[in-house]
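Please look through the sequence and the structure shown here before reading the report that follows.

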Amino acid sequence: MPLESMQSNLFSDALEDAYRVHIEEFEGPLDLLLHLIKKNELDIYNIPIAAITRQYLEYMELLKELNLDIAGEFLVMAATLLQIKSRMLLPATNDEEDAEVEDPRAELVRRLLEYQRYRDASYLLSSRYLLGRDVFARKFDSPEFADLVQKEEPVDVELFELIEAFRRVLARVSIDTFHDVVADGISIADRISEVLSILHVTRTVSFESLFCGRMTRDLVVVTFLSILELCKLKLIRITQVESLGAIWLTSSSPEGDGLEDHGPEDHGPD
Amino acid sequence: MPGKSLKSIVESLIFVHDQPLSLDRLALILEEHERAEIRQALEELVEEYSAASRGIILAQVAGGYQLRSRPEHADYIRRLTKSKGVKFSQSALETLAIIAYRQPVTRAEVEYLRGVDSGGVLKTLLEKKLLRILGKKDVPGKPLIYGTSREFLELFSLKDIGSLPTLKEIHELAPPDPFADQPELPLDSVEPEDMLR
């Protein structure tokens, strides 16, 4: 393999403006390696490991110059290549039978071939007749169905949004307490049964409404912990109809389809 | 002529239903008819639709039958719907391919095969309902096991998961077949100096 031509044309098209786009085509280190092998017309079963390692590292260098974050996987592969390279420099020990000494590259070759198979399979998938791209089926928006889907389906709330809502509640509670009364602290267990009994009656309750009335900071915290605990116990579902909208707690006991029947529409948006 | 009318009844049913309609479902609805008769009617319909150069085909997807537009007309339909159609990133396609062929499969196995973190892609594909969680693997950490969904079959116009071309077939189209050659890597014949140059 003429090394010079290999190096000179490896990135010849790469230094143009479109380089960044080019980079993102690589799905990972295996993809990059396959690209290098194909580009240099190398035999995958007999990879010149030193050359390929150099090119791989050149590529990483370019990424660094372009200030792109190098994903950890690329670094792992670089280390693997260097390890294979150094193992190949060691003279083969003749103690064992020759057949049992595996080429240091074998594992890498196996992974590359395996990856290549699935990459080919993925091309094949995308060349099929895709519904909505190549073939189309009729969609049904008959009037009686339209009513049913008018309301957006509640989506499960991200934990972050729950905490954000909690922060808002906490901000509302005044913090200027002048003297500490011995807390007749309500336990989380008590608060859980309170919330459950509310849910037993209404099935759905808004997150904010659990923090209405006279709330001490303690009670706010206990309530929030109760909600998390109930959620963990899978006794309630926490949903949100629209992004940044009100958060709803629904009893997840099986009787009736609570969400559809007594769902957010009963309470109206916040 | 019961055969003839059955065929047109089946056609009506498929026309009205908004998802692929399975033979099982048809047999339940058409209880007065033999299952074999219904199957016969379906086969004839598929044949007739493909023979007549009409704009509609009767496709066998996701274990059922669905009327779909002829793929050659996709351009015109896109003008009508103004949709760009589905488009997949390479990472999404790779992940789907691996899961389609290797299911049931865990995230760690997908990531080993792809060589990159695949958590984000898996999440997106789950949200699009192309994947489903089949359960948890009984190993430490109890990782989730993934498989493809009915929606996946519908989207990629597959009758069932078995009708995917085998990986071997794919490789008969694309060189070289890795596993036929695998045990005898021609590595020994190469001088180390050559490799390292």
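Why is α5(B) largely enclosed by the rest of the structure? The reason is that 10 of the 13 residues of α5(B) are buried, where buried means under 20% relative accessible area, exposed over 50% and partly exposed in between, with a 1.4 Å probe and protein chains only.

This is a predicted model, in which local features need pLDDT of at least 70 and side-chain atom pairs count only at pLDDT 80 or more, whereas totals for chains, interfaces and linings use all residues. Residues are numbered from 1 along each chain as its sequence is written, chains are lettered from A and ligands numbered from 1 in the order in which they are written, and side-chain values use heavy atoms, with hydrogens and water left out.

**Chain B and its helix α5**

The secondary structure of chain B comprises 11 helices and five strands; helices (H or I, at least four residues) and strands (E, at least two) are DSSP runs, numbered from the N terminus. Of the 197 residues in chain B, 41% are buried.

Helix α5 of chain B covers residues 90-102 and spans 18 Å from its first C-alpha to its last, close to the 18 Å expected at 1.5 Å a residue, the expected span being 1.5 Å times one less than the number of residues. Among the buried residues of α5(B) are B:L93, B:E94, B:L96 and B:I99. B:P104 lies in the loop between α5 and β3 (105-106) of chain B, and the peptide bond that joins B:Q103 to B:P104 is cis, with omega near -5°.

**Two helices of chain A**

In chain A, helix α3 (residues 29-39) and helix α5 (residues 72-89) pack at an angle of about 55°, with their axes 9 Å apart. Axes are lines fitted to C-alpha atoms, for helices over the stretch in contact, and angles run from 0 to 180 degrees between N-to-C directions. α3(A) and α5(A) are therefore oblique to each other, since angles under 35 degrees count as roughly parallel, over 145 as roughly antiparallel, 65 to 115 as roughly perpendicular and the rest as oblique. In this contact (heavy atoms within 4.5 Å), A:P29, A:L30, A:L32 and A:L33 of α3(A) meet A:E73, A:F74, A:M77 and A:L81 of α5(A).

**Positive phi values**

| Residue | Phi | Loop |
|---|---|---|
| B:K129 | about 65° | between α7 (119-127) and β4 (131-136) of chain B |

A:K234 counts as exposed, because its relative accessibility is 65%.
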